[in-house]
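This report concerns a metal site and the elements around it. Please consult the sequence and the coordinates alongside the text.

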Amino acid sequence: MVDPQTRFEELVAKLREREHRLTPQRIALLRLLAASDGHPSASQLYEQIKDQFPTTSLATVYKTLDVLKEMGEVLELGFSGDDNRYDGKNPYPHPHLICVRCQKILDPAVSLPQGLVQEVARSSGYQIVGHRLDFYGLCPDCRDST
Ligand SMILES: [Zn+2]
Ligand SMILES: [Zn+2]
């Protein structure tokens, strides 16, 4: 697991490499993304930086997320009827744990069996470009409050 500071510096360096503008808002957003474990939505990210940067809009947040997505530096989890959620810590496909009550999303400390992706590719003839595995349940906090 990469520590937030290292990941933050990595994101800054990648944007700089591509000559993207690094506004203070954008820096704050990168810092948040690098430190967030809960897979925030764009509006949650916006809520967290708008006090510090009152001129920021939700559109600004989406724009930065789009740039990062294009570069493969943020993983977007889409949900029908719900806000998309973002993982800026680990942009590569990995399993997720989703709480059906509080909507918290975590990365479980497991990885897919080695060779699974290759096996799917081999047996189907597909060139695999990504995968998604979501586990649904009640997180310990929500389970205790029932
Ligand atoms: Zn929960
Ligand atoms: Zn994740």
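How are the donor residues of the zinc ion (ligand 2) spaced in sequence? The spacing is H-x47-D-x6-H-x1-H-x10-D. The model is predicted, so local features need pLDDT of at least 70 and side-chain atom pairs count only at pLDDT 80 or more, while totals for chains, interfaces and linings use all residues. Residues are numbered from 1 along each chain as written, chains are lettered from A and ligands numbered from 1 in written order, and side-chain values use heavy atoms without hydrogens or water.

**Zinc site**

The protein donors are His39 (NE2), Asp87 (OD), His94 (NE2), His96 (NE2) and Asp107 (OD), at 2.0 to 2.1 Å from the zinc ion. Donors are N, O and S atoms within 2.8 Å of the metal (3.2 Å for Na, K and Ca); water is not among the atoms, so sites may look incomplete. His39 is in the loop between α2 and α3 (42–49), and His94 in the loop between β2 (82–87) and β3, so the pair ties together parts 55 residues apart in sequence. Helices (H or I, at least four residues) and strands (E, at least two) are DSSP runs, numbered from the N terminus.

Buried means under 20% relative accessible area (1.4 Å probe, protein chains only).

| Residue | Relative accessible area | State |
|---|---|---|
| His39 | 2% | buried |
| His94 | 10% | buried |

**Sheet**

Three strands form an open sheet of mixed pairing, ordered β4-β3-β5; strands pair if DSSP finds at least two bridges between them. Strand β3 (residues 96–99) runs parallel to β5, joined by four bridges, and Cys99 stands opposite Gly137 in β5.

Methods
Buried < 20%, exposed > 50% of the residue type's maximum accessible area, 1.4 Å probe, protein only.
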